[in-house]
Amino acid sequence: SKAEMGHTCRGTINLATANITVEDSCNFIISNGGAQTYHLKASSEVERQRWVTALELAKAKAVKMLEESDDSGDESVSQTDKTELQNTLRILSSKVEDLSTCNDLIAKHGTALQRSLSELEALRLPPDSTDKIKQVNERATLFRITSNAMINVSRCPEDSMGGKAPASMLSTVLPQACRDFMLLAQTHGKKWQKSLQQERDQRIRLEETLEQLAKQHNHLERAFRGATVLPASTSGTGGSSKDLCCPAKGDLSDEDDDNNEFFDAPEIFPMPDIMGHKNDHPLSPLPRRTGSNISGTSSDISLDEQYKHQVEDTKKEKRTRIPYKPNYSLNLWSIMKNCIGKELSKIPMPVNFNEPLSMLQRLTEDLEYHDLLDRAARCESSLEQLCYVAAFTVSSYSTTVFRTSKPFNPLLGETFELDRLEENGYRSLCEQVSHHPPAAAHHADSKNGWTLRQEIKITSKFRGKYLSIMPLGTIHCVFHSSGNHYTWKKVTTTVHNIIVGKLWIDQSGEIEIVNHKTGDKCSLKFVPYSYFSRDVARKVTGEVMDPSGKVHFLLLGTWDEKMDCYKVQVGTGDNGAEARPRAHEAEDSRVLLWKRNPLPKYAENMYYFSELALTLNAPENGTAPTDSRRRPDQRLMENGRWDEANAEKQRLEEKQRLSRKRREAEAARATEDGKAGLSRGHVPPRCPPQAVTPLCPPGTPCDPYKPLWFERKKDPVTQELAHVYKGGYWESKEKQDWSLCPDIF
C-alpha cells in the first residue's frame with residue numbers, strides 16, 4: 001500500500017536513506033546500512049560515474065520530498081481537523097496577547113512604583129527608614145523582572161537594572177516562555193495531526209483487509225461445497241459411492257468441520273425428518289427453503305404441539321438423529337470486530353453461532369463415560385481407582401474436538417435433568433444459579449456407588465484470532481463404600497481461527513486430582529498444540545503418586561481418543577537403594593483405561609453430536625417447566641427455524657432483564673423498610689449463615705436471587721463457597737408439583 005512506501009520494504013532500498021559508495025573504477029555499492037546491499041558493476045568508468053551522478057540527484061530529490069511531506073501534512077488532514085486546529089491556535093494567540101497586555105500594565109505600574117520609591121529615598125529620612133525603602137525598592141525591581149521573564153522579556157535584565165543584575169537572577173529568567181509554547185504548537189500541530197490521520201487510515205485499511213479475507217474465505221467455502229456436496233445429494237439414492245459415516249481420525253482433520261456454519265446453504269441439502277418416515281433415507285434431497293420455513297416439522301404446527309408429538313415418539317426409544325444443520329450465510333467480521341477484549345457472556349450473539357444444546361446439557365455430557373466411575377467404585381486399591389478417575393476427567397473433553405459451536409447461555413433458574421436410573425444407574429440435575437457471572441451447579445448420584453457434583457463458572461475472552469474459555473470451580477467425586485473424596489479443576493479451552501481459517505479447538509493446562517482421604521495425587525498435563533512439535537497432537541500425560549510422592553502408575557494418551565495406564569516397575573541400584581522409577585513398556589503391562597466411542601452416522605451434519613448429545617434435547621414428559629428441553633428458542637433452532645429462534649432468544653433475554661430489575665427494586669424497597677424499622681427500634685431476624693449472599697460491589701444494585709434446588713455452603717474439604725444440591729427435585733417430579741418453579745420461558 002502507499003503507506004508502506006515511506007519504509008524500506010523487503011527487496012528495496014529507500015533512496016532517501018541510501019548510502020552510495022564507489023568501490024573501484026567500474027563497481028559501486030548502494031546499501032541502506034542494514035539488510036539490503038546492491039553491488040553494481042558498470043561497463044566502464046564513465047558509465048559508472050553517470051550512474052552514480054544520476055543516483056545522487058535522485059537521492060537529493062527524495063530527501064527534499066521527504067522533508068516537504070514532513071513539513072506540510074495538509075493533504076492528509078481533513079477540513080474539520082484543519083478548522084479545529086486553527087481555532088485552537090487562535091485561542092492560544094488571544095491568550096498570549098492578554099498576557100502581553102497584563103505584562104505592559106505590570107511594567108508600567110512597576111516603573112512608576114520604583115520611581116516613587118527612588119524619590120522617597122532621596123528625601124532626608126531617619127537611617128532606619130532608608131534601609132527599609134531600599135529593601136522595598138529591590139523587591140519591586142525583582143517583581144517587575146520576573147513578570148517580564150514569565151510573559152515576554154523584550155530587553156535584558158541588565159538593561160532594566162542599569163547593567164547591575166546579579167548572576168543568580170539571570171539564571172532564573174525564562175525568556176519568552178509563553179511565546180515559545182505558541183511557536184511549538186504552531187510548528188508541530190500539523191505533524192501531530194498528520195500522524196493521527198495516518199493511524200486512522202492504517203486502522204481502516206486493516207479492517208478492510210480482514211473483511212476482504214473473510215469474503216474470499218466465504219467464496220472459497222461456497223465453491224468447495226458446491227463442488228462436493230451437490231453431486232452427492234442430487235442423486236437422492238441410498239447407494240452413495242462415499243460412506244458418510246464417521247471417518248478415521250486422520251481423515252477428519254482434512255474435512256470441513258463446523259466452519260460451514262457461517263456460509264450459504266447449497267441449493268439442495270439433506271435434512272432428516274425425525275417425526276416419522278423411517279423408511280426414508282436420511283440423505284433424501286429436499287427443495288431449498290428460505291427464512292424460517294426450514295424446519296424438521298411443518299411450520300404450521302405450533303411449538304407446543306410439536307413438543308407433545310415428539311414426546312410420544314422419543315419416550316419409546318432414544319433418538320439417534322436430529323434435523324440436519326442448515327447452512328446460512330453470516331458476516332462474521334461485522335459481529336466480532338466490536339467484541340475484541342470483551343467477556344463473551346455479555347455479547348449478544350445470534351443463534352448462528354450456537355448448537356441446539358444449553359450449557360447445562362453440555363455439562364451433563366461429562367457423564368457420557370460414567371462407566372469409568374462405575375469401574376472405579378469397584379476398585380479395592382485407591383491408586384487404581386485414581387487411574388480411572390483420571391481417565392474420566394480426560395474423557396469429558398473428547399466431545400469438544402469437533403464441537404466448535406457455542407452452547408446456549410442458560411437463563412437464570414433454568415434446569416436440566418437426565419434420569420438414567422433404570423438404564424445406567426444414575427440421574428443428574430443441573431441448575432443455572434447465577435447469571436453474571438454465569439455459573440451452573442451440577443449434581444449426579446449413581447446407585448453404583450458414587451456421587452459427582454460441581455459448580456462451574458465460565459469466563460471467556462475474545463482475543464481477535466482466538467477465543468479462550470476458562471472454567472472456574474472445583475469438581476467433587478465421592479465413592480460411597482470407601483469414602484474416597486476426589487477433587488480437581490478443568491483446563492483452559494482455546495478456539496483458534498475465529499476470523500479466518502478452519503476453526504479448531506485445543507485444550508491446555510494441568511490438572512491435579514487429589515484424594516483428600518488418602519493423600520494420593522494424580523498430575524495430568526494437557527500438552528498444547530505446537531506446529532514445530534513432533535509429539536502426537538492433543539497429547540495427555542500423567543503420573544499417579546502416593547502421599548510420599550512415589551510414582552505407581554504412568555498415564556499416556558490423547559484427550560480425543562484414548563488413555564492408557566502403565567504400572568511403574570521400581571528397580572534397585574548397585575547400592576541397594578531405590579532407583580528412578582521407569583515404565584515397563586511391554587504390552588502386557590499396558591491397560592486401556594478409556595477409548596472414545598465412535599460418532600454416530602452423519603454426525604458431521606448434526607453438529608458432530610455424540611450418541612448421548614443427540615438424546616439430551618429430546619422432549620420428555622414430566623420434566624420441570626424450567627427444563628432446557630422446553631426452551632423455545634433452542635427448540636426452534638434445532639428444527640432449523642433460525643430466524644424465529646433469534647427473535648425468541650431476544651424475547652427471553654429481555655424477559656430475564658425485566659425480572660432482574662424487578663427483584664432489585666423489591667430488594668431496595670425491603671432495605672428501605674428495614675432501615676425504617678431500625679429507626680423505630682425493631683430488630684430484623686438474622687438470616688442463617690448459608691443464606692447470606694456475597695456482597696455486591698459498591699454502587700451496583702444487588703440481585704437477591706436464590707436458586708431453587710441448590711444452596712450456597714462452605715465446602716468442608718476445599719473451604720470454598722459452592723452451591724450444593726439441597727434435595728427436593730426428584731420428590732417434586734414424582735408428585736408433579738412444580739409450583740415453586742419460576743416462569744422463565
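Biologist: Is Arg660 buried, partly exposed or exposed?

Modeller: Buried means a relative accessible area under 20%, exposed means over 50%, and partly exposed lies in between, using a 1.4 Å probe and protein chains only. Arg660 has a relative accessible area of 27% and is partly exposed, whereas Glu664 is buried at 16%. This is a predicted model, in which local features need pLDDT of at least 70 and side-chain atom pairs count only at pLDDT 80 or more, while totals for chains, interfaces and linings use all residues. Residues are numbered from 1 along each chain as its sequence is written, and side-chain values use heavy atoms, with hydrogens and water left out.

Biologist: What do the side chains of Glu664 and Arg660 form?

Modeller: Side chains of opposite charge can pair when their charged atoms come close. A salt bridge is a side-chain nitrogen of Lys or Arg within 4 Å of a carboxyl oxygen of Asp or Glu. Glu664 and Arg660 meet in one, at 3.0 Å from N to O. The two are 4 residues apart in helix H15 (residues 642-679), so about one helical turn separates them. Elsewhere, salt bridges with shared partners join Glu355, Arg362, Glu365 and Arg403 into one network.

Biologist: How many salt bridges are there by this rule?

Modeller: The count comes to 29. One of them links Asp366 to Lys490, with the closest N and O atoms 3.3 Å apart. Asp366 is in the loop between helix H10 (359-364) and helix H11 (371-377), and Lys490 is in the loop between strand E14 (485-488) and strand E15 (492-496), so the pair ties together parts 124 residues apart in sequence. Helices (H or I, at least four residues) and strands (E, at least two) are DSSP runs numbered from the N terminus.

Biologist: In what order do the strands of the open sheet of 3 strands lie?

Modeller: Two strands pair if DSSP finds at least two bridges between them. Here the order is E1-E2-E3, and the pairing is antiparallel. Strands E1 (19-22) and E3 (37-41) are at the edges with a single partner strand each, so one side of each lacks a neighbour in the sheet. E1 and strand E2 (residues 27-31) pair over 4 bridges, and Ile20 has Ile30 in E2 as its bridge partner.

Biologist: What pLDDT does the chain average?

Modeller: pLDDT is the predictor's confidence in each residue, from 0 to 100. The chain averages 76, and 70% of the residues score at least 70. Over residues 153-175 the pLDDT is below 50. Where pLDDT is low, the predicted coordinates should not be read in detail.

Technical notes. Contact = heavy atoms within 4.5 Å.
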